[in-house]
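Hi,

Here is the two-chain model I promised to pass on. Have a look at it first, and my notes on what turned up follow below.

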Amino acid sequence: MFGFNGVTIAIVLFGIGLLGLIIRRDLVIKLLALGLVNSATILCLVSLGAQESGAPPILTPDMRAAIVDPLPQAIVLSAIVINFAILALALVFVMLLVERYHTTDSARIERESDTEEETWN
Amino acid sequence: MELILLPLLRFAFGAISMAGGRWTRAISLLALLCDAALLTRIALLLAGGARLEITLGGWADAVGIAFVGDLIGLPIAALIWGLAVAVALYTWRNELRPYFFVLLHFLIGSAFAMVFTQDLFNAYVILELLTLTSFLLVGYERKPRQIWASLRYLILCSVGMSLFLLGIAVAYYHTGTLNVVRLAAHIAGNPSASWIPLAAALLVGGVAVKAGIFFFSLWLPAAHSRAMPAVSALLSGVVIKMGVVELFRLAEVFPLDLTFTVLGVATGLLGILYAIQTYDLKELLAFHTLSQIGYLLIGFGAESAASRLGALDYAIAHGLFKALLFLAVGQAVACVGSSDVRALKLERCSIPLATRIAIAVGMLGIVGIPPFAGFTAKAVLESGVHSILVRVMVGVISVGTAASFSKLLPLLPARSTATCERPTTAAYAWLGGAIALFLPLSATLVPRSILSATWQWPAYLEAGIAVMLGYGVHRLLRGRSLGLPKRLFRVEEGTVAIVAGVLIVFALLRFV
């Protein structure tokens, strides 16, 4: 399982993504790192479902026996859509934050939003 | 059929509400009535001994999405409905964009789907849907502080859900099923397989981010305290519970008693300490959500039927009084213009009387004075916990709860000169009534033998002592800071904490 295969690459990418989330302060880069984390998960799922010389799981009349398990691929499709929605919405919120604070630096936004007077309606 | 109709109808109503216009309120009302009818039908079928089960799309249940109506799902679904009614009453006179109602329908629909699903990947999709809808609801008013809090929420939850998906991948690779019942059977057949700790750590760690557990859910205090009151009530009462429900389901698959006890005690104690430290009223409520989730985990980790029922009962009690407190405190804060306890104390005359009564009832509930909700649920839970050390911890958390809520006492007595409008008394009466009448309500869930055993003088004595001690601790600590770090709640620390938490859970499962 720990040869140079998809799962190993996925674990490495997952780690890089987490590291990006932790050490980079720029929000856009943080979101890219989040995208990397999510994609690494998808790569891991697809690699675990893969098998040597397996045919694509498409039903045809002259289908041979060895096809790849279709379920991970179905799962991955949903996961990709969800991750897209998350990234898109997060970027919109980053845009709103930039309008207010004129920076994408998470540490500065954190400081300014903490000191800011809350206005209750 | 009813099980799947319940969420789907909500989604349909949500889609219709997108059109906006004057029918939006009528549609919310219709949705509440439909939910009530379907829930009653499910309850009657279950009481009649029927087995409610549906697998979607005609697939075999190893890969198909199975919905099962059971005794974990139904009480929580009833709680969701009760809180939906409270929020509808509370926001009845507010000017809200149709977009709010669309999100509300989607949120409640996903919650209904969550409580009955037996499929891990289905749970992943629903949890993500809950993340997205609550993310948009937290930022609904577009205040920069809300936007920042909800962005942190989204990032940390997305990391957590990625871990959950990895856990799904590991479990599916080794068992070929995503159904929790089949997974449990598989693991019971081979309980020492080497992949089990890894899968369990990833799944539990991922859900824990959504379930309000300390070191995983560090996004929670900001998101819950900065959202508008109706949204905070739903987040604390419903959305957090969905993570907890999934944890309960996982507890039936993996051997998680020790993990739950450790996480529960840590969450309870740290939540309480932070709650004692803070003087921001909404933040105090948010930290209490953390500490109360600690109770639930302790109850579920104790591995006896009574404590598990107690945990479920407490989940419902907590949903009721926390929602009431968030709604009432939200209105008090809106009237005074500050959420600082000291400012609220100075301006207490401008808080309407009904709001102050609601805060008092919520406090009685959360602190655990008989006959209010917290007392019954806590007594049932404790009756099933046998380890002395854990019982002492539960006691310490009770004392801490009383200590941190003692800060609110000065708000209560005053002559009201309120000029604040917004009559929301109906919502308070609805939730307050449920809290006061919690004993007959929980008699439908908890067997009478357990209930009557908890209504004895030792339990009264314990509740009384906890409140006295709590007040003493409050007097002792007044004006002093505990010096707990606030920077823990940033994105960076949150991510580190999630990774560390998963490693700790893995170590607990693998080596202990």
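**Chain A**

Among contacts in chain A between residues at least 6 apart in sequence, 51% join residues at least 24 apart. Two residues are in contact here if their C-beta atoms, placed from the backbone, lie within 7 Å.

Before going on, the ground rules: this is a predicted model, in which local features need pLDDT of at least 70 and side-chain atom pairs count only at pLDDT 80 or more, while totals for chains, interfaces and linings use all residues. Residues are numbered from 1 along each chain as its sequence is written, and chains are lettered from A and ligands numbered from 1 in the order in which they are written.

Helices (H or I, at least four residues) and strands (E, at least two) are DSSP runs, numbered from the N terminus. Of the 121 residues of chain A, 28% count as buried. The burial classes go by other C-beta atoms within 10 Å of a residue's own, with C-beta atoms placed from the backbone: 20 or more is buried, 12 or fewer is exposed, and in between is partly exposed.

A:His102 is in the loop between α3 and α4 of chain A, and its 9 C-beta neighbours inside 10 Å make it count as exposed.

**Where the chains meet**

How many residues of chain A are in contact with chain B? The count is 34 residues of chain A against 33 residues of chain B. On the chain A side, α1 (6-23), α2 (27-49), α3 (70-101) and α4 (106-115) each supply at least two residues. The largest share of that side comes from α3(A), with 15 residues. Sorted by class, the side of chain A that touches chain B has 23 nonpolar, six polar and five charged residues. For the classes, Ala, Val, Leu, Ile, Met, Phe, Trp, Tyr, Cys and Pro count as nonpolar, Asp, Glu, Lys and Arg as charged, and the others, Gly among them, as polar.

**Chain B overall**

Chain B has 22 helices and two strands. Its radius of gyration is 22 Å, close to the 24 Å that the globule rule gives for 512 residues, so chain B is as compact as a globular protein of that length. (The radius is taken over C-alpha atoms, and the rule is 2.2 Å times the number of residues to the power 0.38.) Along its principal axes the C-alpha trace spans about 65 × 55 × 50 Å. Of the 512 residues of chain B, 60% count as buried. Among its contacts between residues at least 6 apart in sequence, 82% join residues at least 24 apart.

**Helices in chain B**

α6(B) (residues 144-175) has 32 residues and reaches 46 Å from its first C-alpha to its last, close to the 46 Å expected at 1.5 Å a residue; the expected span is 1.5 Å times one less than the number of residues. This helix is mostly covered, with 28 of its 32 residues buried. After α6(B) comes B:Gly176, with a positive phi near 75 degrees. In the loop between α5 (120-138) and α6 of chain B lies B:Arg142, a residue other than glycine whose phi is also positive, near 60 degrees. B:Arg142 is exposed, with 10 other C-beta atoms within 10 Å.

How do α12(B) and α13(B) run, parallel or antiparallel? The axes of α12 (residues 281-301) and α13 (residues 305-336) of chain B come within 9 Å and cross at roughly 175 degrees, so the two helices are roughly antiparallel. Axes are lines fitted to C-alpha atoms, for helices over the stretch in contact, and angles run from 0 to 180 degrees between N-to-C directions. Angles under 35 degrees count as roughly parallel, over 145 as roughly antiparallel, 65 to 115 as roughly perpendicular and the rest as oblique. By class, the contact of α12(B) with α13(B) has twelve nonpolar, six polar and three charged residues.

**A cis peptide bond**

B:Pro370 and B:Pro371 are joined by a cis peptide bond, with omega about 5 degrees. B:Pro370 sits in the loop between α15 (353-367) and α16 (373-383) of chain B, and B:Pro371 is found in the loop between α15 and α16 as well. With 16 C-beta neighbours inside 10 Å, B:Pro370 counts as partly exposed. Leaving aside its neighbours within four places in sequence, B:Pro370 is in contact with B:Phe375, B:Tyr460 and B:Ala463.

Cheers
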